[in-house]
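Visitor: I am new to this structure and would like to go through it by question and answer. Please show it to me.

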Amino acid sequence: MKSAEIRQRFLNFFKERDHKVLPSASLIPFGDPTLLFTSAGMVPFKPVFLGQAKPPYPRATTVQKVFRSSDIDVVGHDGHHLTFFEMLGNFSFGDYFKEKAIPYAYEFLTKELRIEPGSLWAGIHNEDDESFEIWKRTGLPNGRIRRFGDEYNFWAAGPTGPCGPDSEVHYDWGEEHGCRMPDCGPNCEHPGCDRFLEIWNLVFIQWDRDQAGHRTPLARTGIDTGMGLERISAVVNRQQPGVFETDLFRPLVEHWEKETGQPYGTQAEVDTSLRVMADHARGSTMLMADAVVPSNDGRGYVLRRLIRRAMVHARRLGPGAHLSSGVPIVVKLLGDVYPELRKQANQIVDVVRSEEERFSIALRQGMERLQGLIERKALTSEEVFYLHDTLGFPVELSAELAQEQGVTVDMTAVAALMQGQRERSRVATGGFTAPLTGRGTRFVGYDQLEADTAVTDVFAVSGDPAQADVFLEATPFYAERGGQTADTGWLTSGGEKVRVLDVQPQGEAIRHRVAAPPDRLTPGDRVHAAVDAPRRQAIARHHSATHLLHRALRDVLGEQASQAGSSVEPDYATFDFRFPRALTADEIDQVSRLLNEKIRADLVRRVEELPLDQAIATGAVALFDEKYGDLVRVVSFGDWARELCGGTHVERSGEIGIALISSDRSIGAGIRRIEMRAGAAAEQRVGEYERVLAELGETLRAGPAELPARVATLQAEVKRLEKEIANLRQRVAAGGGAEIEEARVDGVRLFLQRVDAGERDLLTFADHALTRTNGNGVAVVVGGRNFAVKVASPLADRLPANELVQAFRQVAGGKGGGRGPVGQGGGIDPERVDDAFKSLQDYVREHLR
């Protein structure tokens, strides 16, 4: 059965059981600063399960794109760990519970997918007798229902909040794949046991846990299930040992088998590299399709690390392996399900190729740093981890090169450091930060910058007793999202004023980080919330300017100039957009003129709330990596710029004042970034430019209009002087300005030339000296403690350079050697050079006789 059929069968099965089929959300979680990536199928529904939002439907089902960065270093070493995968899920928001979730799962597996019931086992929580009885009613024997503790079968949103037991469905590959121990079963911990594979996890959300650990039943229980499409495809088609034999991966593996001539399934090292290439091609392609760009921090760092790890394995497979060549195959495999892949295919290939070129540089840098560390005859685990974490230099390669030179690396310590990094990544990508409030916050900040409201919750900030997180019933503070920075301002209660430092969304709740200890405010307190109005207005100017800039770019460059991200601050904004090349000066001028023309036109801002389909039909620009609800907010400036946006804006475009494009640069293949300033920030930057021009004009004694010509004249003068210096150096190399001594021995001319100690290319001087001999001479060049010997070709057989070097250093000291007509050495005593040259003459005289 093809994976596409399994995917569709799953959605159809639950649609027939009154579940709303919903599309996959982006791999970038919307409005959730606690997660780097969408790491589970329930992430888009997190606010619902936390009680922060009303469920859109009582039942839902999805095939969700998922990415787990904590498994990057594990991928390839077995047949089932992946970074990117598709999670099949069904969800109930207070509608049904265990009594239907378990039978649904069993029916789908055994009836729809026709999996042999005798191959299924269930894991349940030790205290979950209800699930035990339900599994028994499906027909599963008691012996195949195993109980486990919290480490296997308990789910929690965090230290506090919703939680409950879960039940895992395991597939039994057969005794021949196991350890054959009497206690073998799901979650078997015996080494090398591959008998059981977890395929589906059913989470039963039924309690609310407080800070003391006490659990109280939820008024509305929930069901959250997740099953990896890749794993269930392997099971349905009996493709043991894992997912890389399925139709989701096999075309990728076959591609690199052909490219490298390395067959899959013959060598463990080759299999590991092929699995890494296949998984990382999918993972990196899907991340970039959702607007993640390689960088040195955040999501971009994870993407860059993923690409570089794949490239290390590509080098191991051979010169024919290139990660970029796998991107079109990923697009072909998944493009029908995720159309954003086809739209971005060419740009993704360009980005990966650019990263391949960059990594070759990083690898060289890593080799240089590693060699310096190894030469000390000591290489610490921290240094190996640093090379891996910062430059992407593989730890295995570090250890291998060190061992070749007799240096041992403590790989256990390195593994501990890497495990610590994975744990930190797991917290960042898959966990929920505590505390989380269950109450929503009403945002009133579109229409007012001050509001009288009430405190609903106050929490301490871990590690900082002087700060607290405050939640309000209503707030005028804009929480950071959609690229727009958060508001700041003040909360006033009982005559005391507290500074608001940061504002972040948490589902439908809004968290206010304040500069006050948590006992300063308590739930129920009435407060006056006031936004820093000048700062908000500066942010609004920049945000509105980005909308006008986006439209100006599309008008000048075409529709392909689509937004890839933005950052809106009070004193500047950056705007990332997809475009395959740098903008010309004329194009930048056109964009700038059009942008400021629309600012001066004083276009009226209009805000509408429309159904998503209607908004798109009326020409509103949507960002493909954003998650939108059924009803969306549309911001228009006149009839010109129209976008889906939840941010804050000026009333009329004329309030922006002026917009100044400061720079246009590449931040990755196919992605450009414009930095822009608007309003007072633009005026300040113009003033700075004016001062710089005035200072340059005074220094160069030229007016602003004359400066380019004046600078060009200076550059030409610099080039002339550089050429003159080069000619001078050439004359010195030819002997000019350097002391040369000459001696004749039986018709052979011997030259001794002394040059500066800093000269490194001594053989060049020797070559020039030999031009005087007509093929009958020997040149010795000394620079400080180093020397070189060059013998004219006709004499090379009679006077080998190596023997001349030995004769010279016997008197001058040091070490050296040579081959044929060329020899070099170092460590000599400069005071003994004259005596050494006389000794060399004696050697030549005696040798020729």
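Visitor: Is Asp18 buried, partly exposed or exposed?

Guide: This is a predicted model, in which local features need pLDDT of at least 70 and side-chain atom pairs count only at pLDDT 80 or more, while totals for chains, interfaces and linings use all residues. Residues are numbered from 1 along each chain as its sequence is written, and side-chain values use heavy atoms, with hydrogens and water left out. Buried means under 20% relative accessible area, exposed over 50%, and partly exposed in between (1.4 Å probe, protein chains only). Asp18 has 62% relative accessibility, so the residue counts as exposed.

Visitor: Where is Asp18?

Guide: Helices (H or I, at least four residues) and strands (E, at least two) are DSSP runs, numbered from the N terminus. Phi of Asp18 is near 70 degrees, a positive value in a residue other than glycine. Its place is the loop between H1 and strand E1 (20-21).

Visitor: Ala291 also has a phi to report; is Ala291 buried or exposed?

Guide: Phi of Ala291 is near 75 degrees, a positive value in a residue other than glycine. Ala291 is found in the loop between H8 and helix H9 (298-317). With a relative accessibility of 14%, Ala291 counts as buried.

Visitor: How many aromatic pairs does the structure hold?

Guide: Rings of Phe, Tyr and Trp (its six-membered ring) pair if their centres lie within 6.5 Å; planes under 30 degrees apart count as stacked, over 60 as edge-to-face and the rest as tilted. By this rule the number of aromatic pairs is 26.

Visitor: What kind of pair do the rings of Phe13 and Phe108 form?

Guide: Phe13 lies in helix H1 (residues 3-15) and Phe108 in helix H3 (residues 98-112), so the pair ties together parts that are 95 residues apart in sequence. Both Phe13 and Phe108 are buried. Their ring centres are 5.3 Å apart and the planes stand at 65 degrees, so the pair is edge-to-face.

Visitor: Which charged end sits over the ring of Phe13?

Guide: Phe13 belongs to a cluster linked by ring pairs, with Phe10, Phe14, Tyr96, Tyr104, Phe108 and Trp200. A charge sits over a ring if NZ of Lys or CZ of Arg is within 6 Å of the ring centre and within 35 degrees of the ring normal. At 3.6 Å from the centre of the Phe13 ring, the charged end is that of Arg17.

Visitor: What kind of pair do Phe154 and Trp207 form?

Guide: Phe154 is buried, with a relative accessible area of 14%, whereas Trp207 counts as partly exposed at 21%. The ring centres of Phe154 and Trp207 are 6.3 Å apart and the planes are at 20 degrees, so the pair is stacked.

Visitor: At what angle do helix H8 and helix H10 pack?

Guide: Contact means heavy atoms within 4.5 Å. Ala281, Arg282, Thr285 and Met286 in H8 meet Val327, Val330 and Leu334 in H10. Axes are lines fitted to C-alpha atoms, for helices over the stretch in contact, and angles run from 0 to 180 degrees between N-to-C directions. The axes of H8 (residues 268-289) and H10 (residues 327-334) are 9 Å apart, and the packing angle is about 75 degrees.

Visitor: Which residues is Ser566 in contact with, leaving aside its neighbours within four places in sequence?

Guide: Ser566 is in strand E18 (residues 562-568). At 23% relative accessibility, Ser566 counts as partly exposed. With those neighbours left aside, the residues in contact with Ser566 are Gly482, Gly483, Thr574 and Phe575.
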